[in-house]
Amino acid sequence: MRGVTVWFTGLSGAGKTTVAKAVEVALRARGVRVERLDGDVVRQSLTRDLGFSREDRDRNIERVAFVAKLLTRNGVICLASFISPYRAVRAQARREVGEFLEVFVSAPMETLLERDVKGLYRKAMAGEIPNFTGVSDPYEPPEHPDLLLRTDQETVDGCAARVIHLLEQRGYLSAGNGAAHRVVLEVNGVGSAAGHGISDGGTVVARYEPPEGQGGRSAQRPWPGPVEPHGGVLVNRELEGEAREEALRRARELVAVELDERELADLEMIGVGALSPLGGFMRRLEYETVVETMRLADGLVWSMPVTLAVSWEEAARIREGQEVALVTPGDRRTVGLMHITEVFPYDRRREAERVFGTSDEAHPGVARLYRQGEVYLGGPVWVLDRPGREAFGRYRLTPAETRRAFQERGWRAVVAFQTRNPIHRAHEYIQKCALETVDGLLLHPLVGATKADDVPAEVRLRSYETILERYYPREQVLLAVFPAAMRYAGPREAVFHAISRKNYGCTHFIVGRDHAGVASYYGTYAAQEVFDRFRPDELGIGILKFEHSFFCRRCGQMATAKTCPHGAEDHVVLSGTRVRAMLRAGELPPPEFTRPEVAQVLWQRASTG
């Protein structure tokens, strides 16, 4: 039998030791030679002379890798559970051992804090523990682990089963060997469940249950629809009933933090799961990794920071560990609660350059960034009153609702389309081209805050209602609104919009040549090219890239440069600025550009102010 080292890496409290123990129990039940190396145990024996500086951490892993190599080459499956925060030293361990599988054990900071019975994270945040990984010392998440385990979303036995399956896939175990039983684990005497019971060092007791029917138990998906949400779980952070009423009573005594339009939109989207797997506003670690690498700290693709900013004066009233009320501007209506797990300053210019590709204040996203507070608040949230619940009524569908609608209609492939502009013939053309290849189309116009000169959301929605009545097969189209605010971040926002539509249950997303962009700040096809940075399995949603389309008078139809041989003089192309000028002058755009019914909607809006 071939030996192998399974290297479990992740932050303290993520569940490395607990999962490794579970795998060990399962392997011993199958008669497999297995040894487990654990960080705490090794520190008390093999490496007790070492401290926690970077040099000592590296030396610690070097010694462990040497032992793991000896076990591996003698046909043993070695389970090594170490934070091992630095990529370079993990790569060196892989080279040293040879037969090596990296398993990234991940959980969000709010979960780590909940599991932190010793209060180590809070002490580190207070400066009482120096060089603490994830707080005062960096953790470099694996970029391409052999397996990612999200222990806030998966049970202990589910994680162990996935590790066993990986070993089978890679040829280190015979497939099906011992599969007549299922490992059920109890941690500290309590049956494990998603989000609970996983912690490093817990007591693991195993019992075995026979599978139900051929091939074992079949897990029921916890979400409807044709595709899994980003990160594998559809978040729900909305309180209802007595829990909501109690939270509202508690909120009266709390410090209030006022949200702006974008933050309110983000709060709503976190609450309904449109930003899954986020359960709150980002802490420093998540913020830094997203800004620098377009990934969350666990390696999951995520392109935009989702943050809550306050001024230095406001931050002085807030301490880490306290709860605050989130309120609307003006009437200061309480819409949510937030548990503050981190308060941290940030570099506005650096964020602007990384996220928007410019520090130019003329860019609307950069201008907003420069206006906001100098300090970020990070931590989980609960939504008490969805900020935009009343606007757009029946069209304001949550991800759970669109997913159920797709399932009820039998749609297995769904393409989403978004714009912040009224629909015109070019939009209609690419939507219908995409619809030829899938079961259904989600028309999903954005209705959050936009630039002052953009067409108002209610006019955009009316243009969609109008064209759906006459030109689309209603049984293949679902119209809903997307509550996000525009960031105008071009390529990064295109990825952000795609991931959100995956959470709404879509299998495909249309990206035009200048998605979410502002003229001159991004390359012509930058919003499409950015997707080439990610493997398809990392995104989990198909990207449909369309050329700029137009009406060609000589062809007598809609076309793109790929299908039309004629020059620009034959193409009907109008900018948004030109259309607005025509409407103000009482002139309707030509039917080659937009349907006459839509032109009437736009003209009525322009003529009434």
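Me: Which strands does helix α1 lie across?
Reply: Helix α1 (residues 16–29) lies across β1, β2, β3 (77–81), β4 and β5, and runs at about 170° to β2. Contact here means heavy atoms within 4.5 Å. The axes are lines fitted to C-alpha atoms, for helices over the stretch in contact, with angles from 0 to 180 degrees between N-to-C directions. Helices (H or I, at least four residues) and strands (E, at least two) are DSSP runs, numbered from the N terminus.

Me: Good. What kind of model is this, and how are residues numbered?
Reply: This is a predicted model, where local features need pLDDT of at least 70, side-chain atom pairs count only at pLDDT 80 or more, and totals for chains, interfaces and linings use all residues. Residues are numbered from 1 along each chain as its sequence is written, and side-chain values use heavy atoms, with hydrogens and water left out.

Me: Thanks! Back to the strands, what is their order in the sheet?
Reply: The order is β2-β3-β1-β4-β5, in an open sheet of five strands with parallel pairing. Two strands pair if DSSP finds at least two bridges between them.

Me: Which strands stand at the edges?
Reply: Those are β2 (34–38) and β5 (147–150); each has a single partner strand, so one side of each is left without a neighbour in the sheet. On average, neighbouring strands of this sheet are turned by 20° against each other, direction ignored.

Me: And how many bridges join β1 to β4?
Reply: Five bridges join β1 (residues 4–9) to β4 (residues 100–106), and the two strands run parallel. Phenylalanine 8 stands opposite valine 103 in β4.

Me: Which strands does α4 lie across?
Reply: Helix α4 (residues 87–97) lies across β1 and β4, running at about 150° to β4.

Me: Let's do helix pairs. At what angle do α1 and α7 pack?
Reply: The angle between α1 and helix α7 (residues 156–169) is about 60°, with the axes 9 Å apart. That makes α1 oblique to α7; angles under 35 degrees count as roughly parallel, over 145 as roughly antiparallel, 65 to 115 as roughly perpendicular and the rest as oblique.

Me: Which residues make that contact?
Reply: On α1 they are Thr18, Val19, Ala22, Val23, Ala26 and Leu27, and on α7 they are Val156, Cys159, Ala160, Val163, Ile164 and Leu167. By class, eleven are nonpolar, one is polar and none is charged. For those classes, Ala, Val, Leu, Ile, Met, Phe, Trp, Tyr, Cys and Pro count as nonpolar, Asp, Glu, Lys and Arg as charged, and the others, Gly among them, as polar.

Me: How do α3 and α4 cross?
Reply: The axes of helix α3 (residues 54–73) and α4 come within 9 Å and cross at roughly 25°, which makes α3 roughly parallel to α4. Their contact is made by Asp58, Ile61, Ala65, Phe66, Ala68, Lys69 and Thr72 of α3 with Val89, Ala93, Glu96 and Val97 of α4. Seven of these residues are nonpolar, one is polar and three are charged.

Me: And where do α10 and α12 meet?
Reply: Tyr287, Glu288, Val291 and Glu292 in α10 meet Arg350, Glu351, Arg354 and Val355 in α12. This contact has three nonpolar, no polar and five charged residues.

Me: Last one: is aspartate 266 buried or exposed?
Reply: Aspartate 266 is buried, with a relative accessible area of 0%; buried means under 20%, exposed over 50% and partly exposed in between (1.4 Å probe, protein chains only). Aspartate 266 is found in helix α9 (residues 261–272). Not counting residues up to four places away in sequence, aspartate 266 touches Leu275, Phe281, Val306 and Arg487.
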